[in-house]
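Good morning, and thank you for the time. Please bring up the sequence and the structure, and I shall go through the packing.

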Amino acid sequence: VDRMITSMGFADGEAEMPVSTFSGGWKMRIGLAKLLRCEPDVLLLDEPTNHMDIESVEWLENFLRAQAIPMVIVSHDREFLDQVANKIVDMEQGVATKYDGGYSRHLKLKKARLDAWESAYASQEKKLAEDRAWVNRFKSKNPAGAKSREKAIERTMKSPDYVQKPPRAGKPFKFAFPPAPRCGDEIVSMDGVSHSYKGEHLPLLEDIE
């Protein structure tokens, strides 16, 4: 435990302090120390940078990069993911796609993948539209040829090589906040209110109205 405390950056004497006296970032370090003492096979971290200041986030980035334990991290912090992640799993319309690298690299790879997908789909649909137009034009003049072309279209659409329609961005969210109706002149009424921190030792409010 003493070695773990030192590696987590705690100062001498802080080992005896109650956990409740530490900030959110330092509590995260304590939580990680407890986990690592169990010698886990994998770490599952859900929004680990929440409630952490910049110094604590930078410490966490360096700490996680130094670990040899596999990790699965869920985070909204893109810069943090760029620093610690070497694979990104992107979920879109119920389909998971894996990209090598951090978050920024994943964006470039995803765009290239979707651009290629869109191009292949457009080329395929153009060819199918031309074939359908040919069938409609020669259905009466060349029924055998039209029938053959229809079967070719059906085979293409049932083939495992058929390019499915790529996902496209939906409509952006729009939020509207209409003006709130005015309340009365009195919203909260207090009489003789007192409040203190840590029992009665540190009064914050005393007998206010």
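Leaving out residues up to four places away in sequence, Met8 touches Trp26, Arg29, Leu32, Ala33, Leu36, Trp59 and Phe63, where contact means heavy atoms within 4.5 Å. A word on the basis: this is a predicted model, in which local features need pLDDT of at least 70 and side-chain atom pairs count only at pLDDT 80 or more, while totals for chains, interfaces and linings use all residues. Residues are numbered from 1 along each chain as its sequence is written, and side-chain values use heavy atoms, with hydrogens and water left out.

Met8 also belongs to the largest nonpolar core, which has 19 residues. A nonpolar core is a set of buried Ala, Val, Leu, Ile, Met, Phe, Trp, Tyr and Cys residues joined through side-chain atoms within 4.5 Å; buried means under 20% relative accessible area, exposed over 50%, and partly exposed in between, with a 1.4 Å probe and protein chains only. Met8, Leu32, Leu36, Leu60, Phe63 and Leu64 are the members that touch the most others. Two or more residues each come from α2, β1 (43-46), α3 and α4 (78-84), and α3 gives the largest share, five residues. Helices (H or I, at least four residues) and strands (E, at least two) are DSSP runs, numbered from the N terminus. Another core, of five residues, lies apart from this one and includes Leu128, Ala146, Ile153 and Tyr162.

Now to the helix pairs. How do α2 and α3 cross? The axes of α2 (residues 24-37) and α3 (residues 54-65) come within 9 Å and cross at roughly 20 degrees. Axes here are lines fitted to C-alpha atoms, for helices over the stretch in contact, and angles run from 0 to 180 degrees between N-to-C directions. That makes α2 roughly parallel to α3; angles under 35 degrees count as roughly parallel, over 145 as roughly antiparallel, 65 to 115 as roughly perpendicular and the rest as oblique. The crossing is left-handed, meaning that the near helix is turned anticlockwise from the far one by less than a right angle. From α2 the contact takes Gly25, Arg29, Leu32 and Leu36, and from α3 it takes Glu55, Ser56, Trp59, Leu60 and Phe63.

The second pair is α5 (residues 103-138) and α6 (residues 143-158). The axes of α5 and α6 come within 9 Å and cross at roughly 155 degrees, and the two helices are therefore roughly antiparallel. α5 passes α6 in a left-handed crossing. Leu128, Asp131, Arg132, Trp134, Val135 and Phe138 in α5 meet Pro143, Gly145, Ala146, Arg149, Glu150, Ile153, Thr156 and Met157 in α6.

Is Lys110 buried or exposed? Lys110, in α5, counts as buried because its relative accessibility is 17%, and Lys110 touches Asp90, Glu92 and Tyr99, not counting residues up to four places away in sequence. Glu118 counts as partly exposed, at 29%. Leaving aside neighbours within four places in sequence, Glu118 is in contact with Pro166 and Arg168.

I close with the backbone. Most residues other than glycine have a negative phi. Glu39, in the loop between α2 and β1, has a positive phi of about 50 degrees and counts as exposed at 67% relative accessibility. Glu47, in the loop between β1 and α3, has a positive phi near 50 degrees and counts as partly exposed at 21%.
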